Amino acid sequence: LPQLPPGTIVIGELGYGSQASYEKRKKVGHDWMDLFDVIQVNGIDVTREDDNRRREIIEETWHSWPPEIQQHFPLVPRFSSGFRKLFDSEDEGVILKKISSRLYSPYLIGSRNPHWLKVKRTIEVDLVVIGYELSSAISFREKGWAQNLLCGVFKDGNLKQITAVGSLDHFLRRDVVQNWERYKGRVVRVVAFKIFNSGSLRHP
């Protein structure tokens, strides 16, 4: 992506999770994302307003916008007492920000903003180890190390692969290949962010 001007809102996963993006990509034939920002509302420049006031201005006027404009600016409801319900229903997790941090602590490329807290729910599932893939990285491939553990579940009496678990440390990369019989058929607990409709896992 090109360097975007400060204040640009990049909507990647909001309403368009990985599954929806995959379906969209199959339909249109390329990756996609929405880029937009609210610059001016009824003649009022909102780019210099703090987050609370900016939100209030949009709330006061949003319902009077034409439908074809509204659809490009989904107004996500505010939550306070209902935060727990929102969090439980949100696949992507949430980012908590100090309202006052925007002016002196913007998004930082390549590092974590100390005023922002990223919170993601995780799930745990028990799966059977059914295989492994050799690493595609040259340095690991030359050593014959594994890249992923292939894991699955029993369905109709047969083992069906549903995911490939990466993030293996150096010991496991080497040991899985050298001592495969020790891992074959073992039940492991896999942590992931979501189970897709297909049964596969997100970021296992």
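Predicted model: local features only at pLDDT ≥ 70, side-chain atom pairs only at ≥ 80, totals over all residues.
Student: What is the strand order in the open sheet of four strands?

Tutor: The order is β9-β8-β7-β10, and the pairing is antiparallel. At the edges lie β9 (158–165) and β10 (187–192), each of which pairs on one side only. On average, neighbouring strands of this sheet are turned by 55° against each other, with direction ignored.

Student: And how many bridges join β7 to β8?

Tutor: Strand β7 (residues 123–134) and strand β8 (residues 146–155) run antiparallel and are joined by six bridges. Looking at one residue, Tyr132 has Leu149 in β8 as its bridge partner.

Student: Which strands does α6 touch?

Tutor: Helix α6 packs on the sheet and touches β7 and β8, with its direction making about 65° with that of β8. Val176 is found in this helix, which spans residues 170–178.

Student: Is Val176 buried or exposed, then?

Tutor: Val176 counts as buried because its relative accessible area is 0%, and the cut-off for buried is under 20%. Leaving aside residues up to four places away in sequence, Val176 touches Tyr132, Ala146, Leu149 and Tyr183.

Student: How far apart in space are Val176 and Glu133?

Tutor: They are 10.0 Å apart, C-alpha to C-alpha, while 43 residues apart in sequence.

Student: Switching topic, which residues make the nonpolar surface patch?

Tutor: Phe83, Leu96 and Leu117 make that patch, which covers about 250 Å². Phe83 is found in helix α4 (residues 83–89), and Phe83 counts as partly exposed because its relative accessibility is 33%, between the cut-offs of 20% and 50%.

How values were computed. Residues numbered from 1 in each chain as written. Heavy atoms only, no water. Helix = DSSP H or I, 4+ residues; strand = E, 2+ residues; numbered from the N terminus. Buried < 20%, exposed > 50% of the residue type's maximum accessible area, 1.4 Å probe, protein only. Contact = heavy atoms within 4.5 Å. Patch = residues over 30% accessible without salt bridge, like charges linked within 9 Å, V, L, I, M, F, W, Y side chains within 5 Å. Areas by Shrake-Rupley, 256 points an atom, 1.4 Å probe, with all protein chains shown as cover. Salt bridge = Lys/Arg side-chain N within 4 Å of Asp/Glu carboxyl O. Pairing = 2+ DSSP bridges. Axes fitted to C-alpha atoms, helices over the stretch in contact; angles between N-to-C directions.
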